[in-house]
Structure formats: structure tokens, C-alpha cells
Amino acid sequence: MNSIITKNGFYSAALMIVLFALPLLFIGIPEPGDFWTSEVVGYASILLCLVFVFLGMKQYRDAEGGFISYWKAVKVGLLIAIFPAIAFGLYNLLYVEVIDPDFMTKYADYIASERSAGKTAEEAAAIKKAVLSEQEAFQNPAIQFVVMFLTVFIMGIVVSLVSAFFVKKP
């Protein structure tokens, strides 16, 4: 079991790093106007990486004689999902601390302007203040890592729960 989990976890993590690093190499750091597109592509990339959760469950089932319970499959999936979650947390730290240290400021400005669209000047000022306080929390690398880890791991939970339904053979 450990080799199947480790292999699929590493494949998922490696694909995660490649899918997030390639656009940087070919396109460069996204401009604030591209943040929405980057988010959509990012979430799609995360889901693509989590295909290894399903594949690992299936490999584990086949290695166990073709039978796996629903909860055992979920356990295998969650263990695999930990790998890309850690990789994404670490990648995010590298990105915001080294590659684009101004990212948090640019993203906070972008979010504030998006949330302020159509608001009065007073409401926009309150929104800007709230976004800046959120940004302060995200200056802590531990919080950045945990949030990005949880982003991928929660998606991994959903993928594991759904995939286990299709893989299980009691």
C-alpha cells in the first residue's frame, strides 16, 4: 500500500509543480487583470493533479485482489492527496516570498477593486480596509502554507469521496 500511495502522491505533486511552473516560464508573472483567469486555470490544474487519487485507489484495489471497501479507498485517496497539498503549500511560499514578492499587495488591490465595483466611496473605503486586514494575516508564511495546503486537501477530500464510490468493490 505504501508504495502505491507514495508513487501516486509524488506523481500528483510533480504534476502540480509542473502545471504551476510552466505558465511562469512561458507567460511570466500574471498581471492583476489576469488574476481571475489564473484562478480558474489554477483550480482546473489542481483537479487534474488529483486524478492520481483515483488512479492510486484503483491500483490499490487491483493489488488487493480486486476488492476494496469504500472507506479504505477514501483513506488511500486522502493519503495520496496529502502529497500535492504539501507541494502546493510549498510552491505558494516560494512564489509569494521569492518569485513575486509583490503578489500579496497586487492581489489585495485587485480584490478590493473587484469588491468595490458599484459601491459608494464610503463602502469602497471599508472594503479596502477589510481586504488590507486580510492581507496582513497572509503575510505570515505559516498561514499562507496552511491555506494553500487546505485548498488542495479539501479538493482532495471531495475527489476521494467521489472516486471511492466508483472504485469500491466489497
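A residue is called buried when its relative accessible area is under 20%. By this criterion, buried residues make up 38% of the 170 residues in the chain of this predicted model. The accessible surface of the chain amounts to about 9600 Å², and carbon and sulfur atoms contribute 70% of that surface.

The chain holds 7 helices and 0 strands, so reading from the N terminus gives the order α-α-α-α-α-α-α. Along its principal axes, the C-alpha trace spans about 65 × 30 × 25 Å. When contacts with a separation of 6 or more are considered, 81% of them join residues 24 or more positions apart.

Helix α1 covers residues 2–26 and helix α2 covers residues 35–49. Their axes come within 9 Å and cross at roughly 155 degrees. Angles over 145 degrees count as roughly antiparallel, and α1 and α2 are therefore roughly antiparallel to each other. The crossing in which α1 passes α2 is right-handed. On the α1 side, the contact involves Ser12, Leu15, Met16, Leu19 and Phe20; on the α2 side, it involves Gly42, Ser45, Ile46, Leu48 and Cys49. Sorted by class, the residues of this contact comprise 7 nonpolar, 3 polar and no charged.

The next pair to explore is α4 and α7. Helix α4 runs through residues 70–99, while helix α7 runs through residues 141–167. The axes of α4 and α7 come within 7 Å, with a crossing angle of roughly 150 degrees. Because this angle also lies in the range over 145 degrees, α4 is roughly antiparallel to α7. Here, too, the crossing is right-handed. The contact of α4 with α7 contains 24 nonpolar and 6 polar residues, together with 1 charged residue.

Leaving aside residues up to four places away in sequence, Ser163 touches Phe54 and Met57.

Key: Residues numbered from 1 in each chain as written. Predicted model: local features only at pLDDT ≥ 70, side-chain atom pairs only at ≥ 80, totals over all residues. Heavy atoms only, no water. Axes fitted to C-alpha atoms, helices over the stretch in contact; angles between N-to-C directions. Helix = DSSP H or I, 4+ residues; strand = E, 2+ residues; numbered from the N terminus. Parallel < 35°, antiparallel > 145°, perpendicular 65-115°, else oblique. Left-handed = near helix turned anticlockwise from the far one by under 90°. Contact = heavy atoms within 4.5 Å. Nonpolar A, V, L, I, M, F, W, Y, C, P; charged D, E, K, R; others polar. Buried < 20%, exposed > 50% of the residue type's maximum accessible area, 1.4 Å probe, protein only. Areas by Shrake-Rupley, 256 points an atom, 1.4 Å probe, with all protein chains shown as cover.
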